[in-house]
Structures are given as structure tokens and as C-alpha cells.
Amino acid sequence: MNVNQSAPPVPPFGQPQPVYPGYHQSSYGGQPGSTAPPTHYGAYNGPVPGYQETLAPGVSRAPPSLGAPPATTAQTPCGQAAYGQFGQGDVQNGPSSTVQMQRLSGSQPFGSAPLAPVVSQPTVLQPYGPLPTSSQVTAQLAGMQISGAMAPAPPTLGLGYGPPTSLASASGSFPNSGLYGSYSQGQAPPLSQTQGHPGAQPPQRSAPPQASSFTPPASGGPRMPSMSGPLLPGQGFGGPPVSQPNHVSSPPPQVLPPGTQMTGPPGPPPPMHSSQQPGYQLQQNGSFGPGRGPQPNYGSPYPGAPTFGSQPGPPQPLPPKRLDPDAIPSPQLNELPPQQKTRHRIDPDAIPSPIQVIEDDRNNRGSEPFVTGVRGQVPPLVTTNFLVKDQGNASPRYIRCTSYNIPCTSDMAKQAQVPLAAVIKPLARLPPEEASPYVVDHGESGPLRCNRCKAYMCPFMQFIEGGRRFQCCFCSCINDVPPQYFQHLDHTGKRVDAYDRPELSLGSYEFLATVDYCKNNKFPSPPAFIFMIDVSYNAIRSGLVRLLCEELKSLLDCLPREGRAEESAIRVGFVTYNKVLHFYNVKSSLAQPQMMVVSDVADMFVPLLDGFLVNVNESRAVITSLLDQIPEMFADTRETETVFAPVIQAGMEALKAAECAGKLFLFHTSLPIAEAPGKLKNRDDRKLINTDKEKTLFQPQTGAYQTLAKECVAQGCCVDLFLFPNQYVDVATLCVVPQLTGGSVYKYACFQVENDQERFLSDLRRDVQKVVGFDAVMRVRTSTGIRAVDFFGAFYMSNTTDVELAGLDGDKTVTVEFKHDDRLNEESGALLQCALLYTSCAGQRRLRIHNLALNCCTQLADLYRNCETDTLINYMAKFAYRGVLNSPVKTVRDALITQCAQILACYRKNCASPSSAGQLILPECMKLLPVYLNCVLKSDVLQPGAEVTTDDRAYVRQLVTSMDVAETNVFFYPRLLPLTKSPIESTTEPPAVRASEERLSDGDIYLLENGLNLFLWVGASVQQGVVQSLFSVSSFSQITSGLSILPVLDNPLSKKVRGLVDSLRAQRSRYMKLIVVKQEDKLEMLFKHFLVEDKSLSGGASYVDFLCHMHKEIRQLLS
Ligand SMILES: [Zn+2]
């Protein structure tokens, strides 16, 4: 394996390589397996039923000067028959749509029997008295289970900040209950050894607290002012009372080397734990419980609470975390008084914290560049800022994997149930510090490939026989090195020019494609953009048309351009429509634009070729005139009906006539009910939710759009859809074409210019300007032993291997799942090569290659040690979101739970040291799997609340399909940032807190964002000065709820908050509209929907409850 370990000198990349005219590389194209054989396009050239190109009656030409649009001429009813052959359903991409949705027979239905067993940290569970004997502990644990099992955790959402509820009082009376802050008050520095902690005992513990300082568990205790006090510097978290035994765990016998992910098979547990305290295990880096990172909002609740000394320990590698005890109810269950049952809560600080994991990774891995020279390295988390140095493997910005160490056999893989998948973002944008991939030009011979499997030359190819041949690293085929590519080898067998050639030394690079890689063996023309604007009543009335036309005048100067090109090569065209379509001739020689109306929407064609697609600069005056006139022309329209499919058809036909690829920008407002192909009816039916027919809500209501999409893909016609619905528009159906053509969908419900223009214009500007590859085909090759079997994303597949993308931008990902087809080899590892053939925005045909080498293992522990949970969740969410098209939502959810339980049970069984069955043991790399999975399970698609519309669900489902790992991470687990706790002069983002109502202090202000939504939550007791500084009003009650723009005020706090809002927006691919939410206000329910650790109104479990349920599922599997 030729993995480069050292930094190559900066090579003179991009130079044309010498070409030996005599060499003919016959293997390009045409062969099965080639990435982009010319024949690939052949299939699209045939006639397609339903869309005819012949001119038809119904064209009317308007007079040259633009007047009001002519009345609709003859309607041809239809063409529906042509669509009839395509049934509903199946918008699956690719052939393999089998969804494994069967529950294990032994699994428990989730939710039917809520559990709230104790899941606590070993240290948290310390009893109050003297060190208990093992049996005592057991008894106590049993008692806790009892209470837990009897008492589902009370809904945290309902807690509010008012008078203590019974829960609050019960817990609040417990000074050390982590739930209310004292636990976290003393934050151990990250990595410190955990402390013994007398905290999380439920009040009914039979053993009386030995420490007198414990407030008795009377119910009258005030609710802890848990979030009010600032963290005192150096304040440690509670050490145990003096007589408390040292549950500060002794270092584990087995010390992993620094930097090792701590998932490996741990050594035997410390004797003390195993013999005396079953269930109490060593803390690791503190992510469970006490060792949480700085979260400054939790003050000391009770003055009288014991002050626990800080006992920071040295960073220590520790064995896997153990949560505790038995989730299985015991007979004592019924013996407890009811009020005690309800009191029990598991300490949320004692379960794995996403915030802590993110913080730790930032601290540990944010400072050094990630160098890609070593095979199978797990990259830093997506939430960590880091630079990448390409030394032979693709940057994690391009490819992230669920695991960087793959089981050697399919048996192992099946046992572990860890999906093997890569989330690939082939055109990812890079930070300015990182160079774009070099472009390699091999001249007429084109890039060098393996004759058999067609893999492209890459750093892993092995040169032999003095450099005259190379062995393919993917299929082992021996290939001749063409004369013009020959180079001598050095003493290590490496080509002496290895570091001068990107394709021999880097993970990512581009080749200029030869004409063999082009459609019809012709180099492509530059692409075109066509703006297609709904001018029906709704679009005019909302102000959309006027706003859009005004914006386009300047935006057309910002079309994407290649490198340092002075102007964009992209041509533009314009169409407006309601029930009929209006094409515009904007040829530069015209004094005024000309309109041509096509009313025969059943038989769409393009009434003009010359003058429809133009260069912006040449036709500027005519275009400006057109954009001025459009809002006026339709100002008095009464037409409410629209068509939709014919609009896409027209744009696609226009590109076809111009023989170029391109993008349609559709601005659409309503359900297309006008008589035309693709006509839709309102079929929204919320009664279908939770029935077997729920899946139909996600399926398109007609197959017409899939047929249309297929034609678009063949033409390289990508469709971006901007929706402005006032009611149901059937997003599930309207999204089909954008989805299958690699396009984007934006939705602005109840659009009003004054409220929504900033968001819309920001999205539009970004969308128009972003770099796009057109007419693309992506192929993922793998070394022998695994192969790509399933694909998720916005694209089309007509065979099992080629991902076809009419367009692909830098935000879109394709997720690829791999399965074994043979045994892998530990020594050679596993290789991936993603090749993307595309047309650049200047019309250049290119190949972008990404290579990644992974390790292979014969020990399951190695798999679990090298997993990436964020990527796993990205895959699982996409898998589930596709599953809802074909299976009942409940089946999909159950399958997710079962798979997660299997993954964790396999770890427990094969990798963890023997321990009590009552312990929940999570691999270090997957300790957030339960919390994140729970967020997926209760997301709007899988468990909608009453306020979520059918269109919202279809929209989100569509969005998630193309999300990268960073986007799914924050989408499912939103970021919650306290604003007034950190010093006002601090320029860094404040540390986030966990997404739970318990983390909100009514004296503070928080920002919450998930990549799509942005809230500013204002606590009812926030200082008047803060209110004045931010909102320019004198009291909380005067703040306008639902406000979306903060006043621009000249004070440090206002500047800081507005700056933070801007910075959060800049990090996301879509503009997030701000919504100000006041505590206890109506809007707060909306906000609370995003507090994902809490029980949700739609029935989604709290994190704690879900963890307990997961524990139960795992035990079920193990028993
Ligand atoms: Zn090969």
C-alpha cells in the first residue's frame, strides 16, 4: 500500500503532460464500469412519450411591445394519458430499495411502557451512608429501578418557571441532585477524574444521608434557582462527604495510549468496582456527569449545600462508560408510595453530553491540522474547526465515513450492525486556507485508468517492473504504463515524480476530461440559467414578483464564473407563467423585450430559440427593461391557477434546443390545479398520520414528475425550486424534479415581503452565485471485498452504479453504503475512489477524484474504536427518511431503535469487560448515539407534532436527504447558546448548553439554531438593562414577541448579539430567520420543540427515558 506519510513538496501541478502521439488508450468509454462512457448518454436520446417536440397550435405571439398578457387561448386537455403509465410511489433513488424494517421479535415496543430506570453514573449513585456492601448497593439499585419503572419521568416541558411542581420540589430538595445544578456547579475541568458524588439518589432512598448537610427530601423545597449563578472560577464539583468512600475511581488497570479513542476492550474493572460496587465504573473523561465542560450557568442552588472540593485529576484514559443499573422493574415496584415514584429522576448530568463531547474534541483536535497521510484516521468532529493537509487521502470535507476501520468479514459486519457508509460531498467548498484540488491535464490521452475496473490513477496504485507497469489497487489488474507516463522508481518502489503529480500524491485532484467524456463526443457549451416566475395572483399580491425582478437586475452580475474569469460564461433566459407560459426574447439588438405566449401547455415547446438565452452584459438594457415591466404587466392579474410540470418541461426543452446543460430557477406559489400535465389535487389528509397509509403523504401523487425528472437529467437540467405557499401545495410531489436533478428546494410559507424578504433574497443570492457542476455522473469504486450497494441524496440512477446529477453544488452530499462481497485484508485495508465527471460553470468537462484508504480489522473493538457517530446518524436519518416512503413510520422508527440496540449490544457482548448486566456500557465513540438517535426518532418526519404540516414534513425529508454531516448534526441536535453569561468583550462564541429546558435560566437570553431556524429566547427575569440594550424598550413586557429583526443599537451587548446572529447565519447554507421568543409566551411552544433532550409534545421521549429504553432493548438482546 502506497500511503504517503510525508509532506510532498509543492508540485507544479496543472502542467500539461507530454503526450506521445502514438499512444492510444483504447479503454476510455464504452466499457462496462467506465465512469462516463459516451454510451451512457445514449439512453436518454430516445423519444419520450408524453412530451413532444413538435410545434403545436396554441402559440400566439404578442405584439413586440409588452402589454397585458393575452387571454388564455385554446386549452388542450391534456396529455394525462401519457403520464398514466407511471404509477404513484417509488421515488427511490436507485434500485435497491429494500428496507429492513422488521423488528426483532424480542424488542419492546417503545413508549408503551415508559421506563425511567436509573441510568446513573457510578459515582452519582453513591449512597449516602458508609460504603455499602455489595448487597446494599444492589438493593438500592433495585429500589431505584422500582421508582423509575413506576414513574415515567414527568414531562419537563410543562415545568415552566413558576411554583415548584412536585418534580421540582422533590428534586429541588435534593441539594446534590445534578438535575438542579449543584452537581454541575462544580465543573471539573475536562479530563479531570470524576468525583464521588452523593447526588442522584432519589429521595426515597432508604439509607438516610449520612451527611447532615443534605437537605431532607421534603417536598416543600423551592425549585432550585438552578441556572442563575455564574460559575465560580475554580469551583470544583462536589467531592464526597468525608466519610464517603472513594468512589473516585482508581485508574483502570489498562491504560490506553494517549490519543487512543477509548473504546477498546477495557481491562478488567478495578477490583473495587467489580467486587463491591457493581454498576459503578470509572468515569472517563467526564462526559458522563461530573466531568462536564464549563457550562457557566449553573449556580450553587443552596447556600447550605456542601462545598465540594475540586479534585481535578490528570487526564486519564479510562474504560468505557458505564451507566447504571438495571432497567428491569422489580417486585418492589408496587411497594412505594406514589408520590415517591414520581420524584425519581435520573441525573441528566450523568449521561453523555453532546456539549461535552464537542468541547473536548475542539480542545483536543482543533489546534493541529488534520494530516491525511495515515490510513484509517478518524478526523476531528464536524463541530471542530480544523485545517486539513492533503497527503494522500481525501479531506473529511469531501468524505466522512461511519467507521474508518471496517470489519474484514461480512459476518463481523452483520454481527456489529454498524452501517458502513461514506457521506461524500464531491464539490465541497473549502476554507480560504485550503487549496482547491489541482487540475491535471493529460492532454489528448486523458487520465490514466485501470484497464479492467476503470479506476483512475491514484496514490495507491502500485508501480512494478521498474515502473513499466502498475497494479491496480482496486482490482489487482496489472496494467501497462503508457510510454508518455513512464517514470523510474526509487529504491522504495515509488515513482521519482510521485510528489510532482497530484494523482500520485494527493487524496483529491481533478483531471481535464477529453472529448471521450462528453455527451455525443462534443465538448459542452457553457450552461444556462433560466428564471421562471409565477405571476399568478398570489405571487403578485404578496409582492414577490416585484421584489424578485428588482433583485435579479443586480444579481445577474453575480453569476458563477470560473477562476479569475472576468465575466460569467452562463447565459440567462426568462419565463413567466400562470396557466400559460410567457417566453421573452431579450436579444441585445432589440429595443424592447418581446413576449411569446404558449398556451398549449399539454404540448410544451419553446417558441423562440434566438434571443431566449443571452449573455447578461450584451443584453443588459433589454433585460433591465423586461424586469421593470414584468411586475407592471401582471399587476392587475386575477389568474389564480398555475401549471407546474409544463414550466419545467419548457425550461428543459429550451436547454435541449440550445444544446447545453443548465439550471432552472422556479418561483412558485400554489398547488398546480390548472388543466395540464402534472396537474395536482389537494390530497392532504392528516388523518393518515400513524396509519399504514401515512407513507402516501411522502409519495408523489403522480408519476409524471419522475418521468419529467428523467428527461431533465438526460439534458443536464437541474431544477431549483423556491416555494411561496399560503396553503398545501403538495411539496412531496413538487419536490420530485428538484430532488432527482440535484436541485435545491426553498420554502417560504405565507410569504410577505416585509417579513420574509431578507431570508428569501439571501437564499436566492447564495443559490444563484454558488458554484455548480452540471450534467454530472458520480461513480464510487472500492477495492475488492466491499462494494457500494446503496445511495442516498438528490440525484437519479438508471443503473446500480452511476449516480447521475443534472447539477451538483458545493452543499450537496451523496451518502453511499457499502457491503462486503468478499473478505477484506487487514494489511491492504479498503480503498474508496469517488470519481465525479461534470461540466464546470464555464463549460469545461472535468473529472474530480477523491481517494480514501480505510483500515480493516479482525477485532470488533477496532471497529467500535474508529466510528464516527455524527456520520452514523447522517446515514441512519437518511435511511429512515427514505424508509417512510414505503413503510409505516412506526416500523421505520422501530427498525432504527433495533439497529441501534444491536450495535450497542454487540459492543457490550464482544468488546466490553464482563460486568453486571445492569450496566449500560457505551463505546466511547458512540456514547452520543442514543441521544442523537432519539432526536432523529422524534423529528418532524418520524413523529410529527400537531403543528407540523404535511408539506413541512415532505420539505424536511427532502432537505435531510442531501445534508452533510455538519448539517444533520446541528439539525437534529440544535445549538443553544447563552448570551449574557460570558464577558461582553469576548469575541468567541459562548459555550453551548444542552438542549433542554432545564438549562434555561429565566435571567438570561439564549440563541438557538439548527441550521434552518434561529430563536432568541428571553427569560422573564432578565435584567432591565439587558432588555434596554437589546430591544430598546424598558421592560420585558414591552418586547414584541415574534420580532424578527433586532434594533441596531450602539451598545456592546446589542453589537455582540447581532454579530453572533450574523456569524451563525454565515455558517449555514440557508438563511435563518430570527424569531424572538419570550418566556411563557405562546411562541414558546414552538421554541420548546427544539429542546430535544426533553420529552416532546408529540410524544417523543426525553433523552433520559430513551436511554433507559435503549438499555432495556440491549439487555433483551443480550439475554
Ligand atoms: Zn482496476
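A helix crossing is left-handed if the near helix is turned anticlockwise from the far one by less than a right angle, and right-handed if clockwise. By that rule, α12 and α18 cross right-handed. The model is predicted: local features need pLDDT of at least 70, side-chain atom pairs count only at pLDDT 80 or more, and totals for chains, interfaces and linings use all residues. Residues are numbered from 1 along each chain as its sequence is written, and side-chain values use heavy atoms, with hydrogens and water left out. Helices (H or I, at least four residues) and strands (E, at least two) are DSSP runs, numbered from the N terminus.

**Helix pair α12/α18**
- The axes of α12 (residues 544-555) and α18 (residues 753-769) come within 11 Å and cross at roughly 35°. Axes are lines fitted to C-alpha atoms, for helices over the stretch in contact, and angles run from 0 to 180 degrees between N-to-C directions.
- On the α12 side, L544, L547, L548, E551 and L555 make the contact. The α18 side supplies V753, Q757, F760, L761, L764, R765, V768 and Q769. Contact means heavy atoms within 4.5 Å.
- By class, this contact has nine nonpolar, two polar and two charged residues. Ala, Val, Leu, Ile, Met, Phe, Trp, Tyr, Cys and Pro count as nonpolar, Asp, Glu, Lys and Arg as charged, and the others, Gly among them, as polar.

**Sheet β5-β7-β23-β21**
- Four strands form this open sheet, with antiparallel pairing. Two strands pair if DSSP finds at least two bridges between them.
- β5 (399-401) and β21 (786-792) are the edge strands; each has a single partner, so one side of each lacks a neighbour in the sheet.
- The twist averages 25° from one strand to the next.
- Five bridges join β7 (residues 420-424) to β23 (residues 814-820). A422 has V816 as its bridge partner in β23.
- Helix α20 (residues 869-883) lies across β5, β7, β21 and β23, at about 60° to β21.

**Sheet β27-β28-β29-β30**
- Four strands form this open sheet too, but its pairing is mixed.
- β27 (975-978) and β30 (1073-1078) stand at the edges, each with a single partner strand, so one side of each has no neighbour in the sheet.
- The twist averages 20° from one strand to the next.
- β29 (residues 1013-1018) runs parallel to β30, joined by six bridges. V1018 has K1078 as its bridge partner in β30.

**Covered elements**
- Seven of the eight residues of α24 (residues 965-972) are buried, so the helix is largely enclosed by the rest of the structure. Buried means under 20% relative accessible area, exposed over 50%, partly exposed in between (1.4 Å probe, protein chains only).
- D964 caps the N-terminal end of α24, with a side-chain oxygen 3.1 Å from the backbone nitrogen of A966.
- In β22 (residues 803-809), seven of seven residues are buried. Six bridges join β22 to the antiparallel strand β20 (residues 772-782), with A776 opposite L805.

**Two buried polar side chains**
- T642 sits in the loop between α13 (620-633) and α14 (645-657). Its relative accessible area is 0%.
- The T642 side chain makes a polar contact with the side chain of S670 at 3.1 Å. A polar contact is a pair of N or O atoms within 3.5 Å; within protein, one must be able to donate a hydrogen and the other to accept it, and residues adjacent in sequence count only if both atoms are side-chain atoms.
- N405 lies in β6 (residues 405-407) and is buried at 7% relative accessibility. Its side chain reaches the backbone nitrogen of C856 at 3.4 Å.
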